[in-house]
Amino acid sequence: MKANEKLNSVALTSAILILALILFFSTVSAATDKLKEEQFTFTEEQSNDTQSESSTQFLGSAQNINKVYGINFSPYMDGQSPDYGSQIDKNQITNRMKIIAPYTKWIRTYGTENGLEYSGPVAHEMGLKTAIGAWLSGDTEANERQISNLIDEAKAGNVDLAIVGSETLLRNDLSEDQLIKYIQRVKQSVPAGINVTTADTYSELLNHPKVMDECDVIMYNSYPYWDGISIDKAMEVQDSRYKNLVKNAKNKPVIVSETGWPSAGNTIGNAVPSPENSARYFNDSVSWARKNNIQYFYFEAFDETWKSVHEGPQGAHWGVWDKDGNMKPGMEKVLPPETAPKANFSANPTSGKAPLNVKFTDKSTGTPTYWYWNFGDGSKSYIQNPTHKYSKAGAYTVSLIVKNAAGRSTVTKTGYIKVISKPVAAFSGSPTSGKAPLNVKFTDTSTGIPASWYWNFGDGSKSYIQNPTHKYSKAGTYTVSLIAKNAAGRGAVTKTGYIKVISKPVASFSGSPTSGKAPLNVKFTDKSTGIPAGWIWNFGDGSKSYIQNPTHKYSKAGVYTVSLTVKNAAGRSTVTKTEYIKIT
């Protein structure tokens, strides 16, 4: 916007305003109903922009929340100007945007080169929606670069709303037909679902209905200050203009693309720039928009000294923040100070076969401006809502650190993501032997993250929980099996004779041969019941053995009495066979 052009349009604007006011009272009811029907929504976070009930008119305190709908964003600092092609690096874009990111849902930009092309991706990394503008002028070659870059950015996923030119008609840089051709070209080239429009003054759009017909949404600039309207009448005028555009928009959504009030500069008519009026207009504009559920982009984020060349001293004083990034006094009524964030997140899916792509969603409160994700597999991310690919099976612990100027917070979810492969069944039991009744705790040690378990304890009993405890009531040796399953497959393991449930043993044995000539080797076989754990053999010739099934050599002729004592935790038993071995 340029001061001389704004002033030249005062007369025309005033005439239109008078006509609009005459029609206002007869149309307000219909316009209000139509507004409700035609409301265009860019974001699902509309609950954060609830209307103010503080005033039945257009004024009053804004809601005590810290997000406006949208802010016009230009990153130029002292010594920089687009007029002489200042190149802005990504770090500057990032640092300037970090200041405003906690307070807005959308940002709007004015160009697609000399570093401004970083605005879209940086904004998306911070969780902001993007209205990306291509700056159009009388320079055909420059316009071609701007339009081509806008299309490329849209195809790259960095554009949520494409704006073809800003006040191009007001400056007479392009004819109506030329502008329409650029709009049509962008509409034909960007991905489906991206709305395309231009932004111009209220009066210019009404004077160019063909341009409005080509736009998906209607974006208009309205500055009561430039029209010499007092701060007391500013919102009444703004409301009237909005309703008049709604009537002429042919059911298209109407968005305030620029409005604001300078904090310093020249008085124009009854419009006085001052810090107090700047803060009041910001407060009143946001309250009006919230009350009427209107989308808007406030002008602008920061004071920029280079604009005084075109707009006079007031050109350098339109920001909500000053040129050094400090919020101006009074703006905190709309944008209260930050509170420290509280980290939280969700993921979808949280389990599945490898490779598994997981979409993480930041659900932290307190408007963080920094995110640090640790996915538990050695990978990290610094964007707000990352998607991560897990390549190997495992259970992964995920943590998120969020920060803003007021503090930081961390949340950790242990074993949150389960990436599965076909399980390999395995288990252990404790104890594996003992007196009846015996309680055995079984522990699943399968790999591959099973989702279900089937146990067979060998005594006719079964279980379907992961780590069961089973009571064996009778003595015996039991074979235990486990089947583990998940979406990737199943695995099975069987342990034969794994559990030994004992009772007091009953000693018994046999020997072979039991007679013969000396020397005679006799093989003794334990036939005791009750699962002995220890054996004591007495062969009758002064020799002993402690193994279960010994072989003994008798060297001399004689008749030998043999005894066996068996033991376990339940008790002991002895059997004696008199004159059992006969050696000749």
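**Reading a predicted fold, feature by feature**

Me: Lys 250 and Asp 213 meet through their side chains in a salt bridge, 3.1 Å from N to O. Which parts does the pair tie together?

Reply: This is a predicted model. Start by placing each partner. Lys 250 lies in the loop between helix 9 (234–248) and strand 7 (254–258). Asp 213 belongs to helix 8 (residues 209–214), so the pair ties together parts that are 37 residues apart in sequence.

Me: Is Lys 250 buried or exposed? And how does Asp 213 count?

Reply: The cut-off for exposed is over 50% relative accessible area. Lys 250 has 56% relative accessibility, so it counts as exposed. Asp 213, at 38%, counts as partly exposed.

Me: How many salt bridges are there? Which residue does Glu 300 bridge to?

Reply: The count comes to 15 salt bridges. Glu 300 pairs with Lys 307, with the closest N and O atoms 2.6 Å apart. Lys 307 also forms a salt bridge with Glu 304, where the closest N and O atoms are 2.9 Å apart. Check burial next. Buried means under 20% relative accessible area. Lys 307 has 8%, so it counts as buried. Glu 304 is buried too, with a relative accessible area of 1%. Glu 300 is likewise buried. Then look for shared partners: Asp 78, Lys 323 and Asp 324 are joined into one network of salt bridges.

Me: Now the whole chain. How many helices and strands does the chain have, and what share of its residues is buried?

Reply: The chain has 11 helices and 31 strands. Of its 584 residues, 53% count as buried. For contacts, look at separation in sequence. Among those with a separation of 6 or more, 65% join residues 24 or more positions apart.

Me: How do I read the nonpolar interior? Which residues have the most contacts inside the largest core?

Reply: Nonpolar side chains tend to be buried together in soluble globular proteins. Here the largest nonpolar core has 88 residues. Met 97, Val 164, Val 186, Tyr 220 and Phe 282 have the most contacts inside it. Helix 10 (residues 275–291) gives the largest share of this core, six residues. Apart from this core lies another, of 18 residues, including Ala 347, Val 358, Leu 400 and Val 411.

Me: What does Val 164 touch, leaving out residues up to four places away in sequence?

Reply: Its contacts include Ala 134, Leu 136, Ile 147, Leu 150, Tyr 182 and Val 186. Thr 197 and Thr 198 are also among them.

Me: Back to helix 10. How far does helix 10 reach, and how many of its residues are buried?

Reply: In an α-helix there are 3.6 residues a turn, so residues three or four places apart point the same way. Helix 10 reaches 24 Å from first to last C-alpha over 17 residues, close to the 24 Å expected. The helix is mostly covered, with 13 of its 17 residues buried. Asn 293 follows helix 10 and has a positive phi, near 55°.

Me: Strand 23 pairs with strand 17 and with strand 22. In what sense does each pair run, parallel or antiparallel?

Reply: Strand 17 (residues 433–435) and strand 23 (residues 489–502) pair in the parallel sense over three bridges. Lys 435 has Ile 502 as its bridge partner in strand 23. Strand 22 (residues 476–486) pairs with strand 23 in the antiparallel sense, over 10 bridges. Thr 477 stands opposite Lys 500 in strand 23. A hairpin of two residues joins strand 22 to strand 23.

Technical notes
Residues numbered from 1 in each chain as written. Predicted model: local features only at pLDDT ≥ 70, side-chain atom pairs only at ≥ 80, totals over all residues. Heavy atoms only, no water. Helix = DSSP H or I, 4+ residues; strand = E, 2+ residues; numbered from the N terminus. Buried < 20%, exposed > 50% of the residue type's maximum accessible area, 1.4 Å probe, protein only. Contact = heavy atoms within 4.5 Å. Pairing = 2+ DSSP bridges. Core = buried A, V, L, I, M, F, W, Y, C linked by side-chain atoms within 4.5 Å. Expected span 1.5 Å × (residues − 1). Salt bridge = Lys/Arg side-chain N within 4 Å of Asp/Glu carboxyl O.
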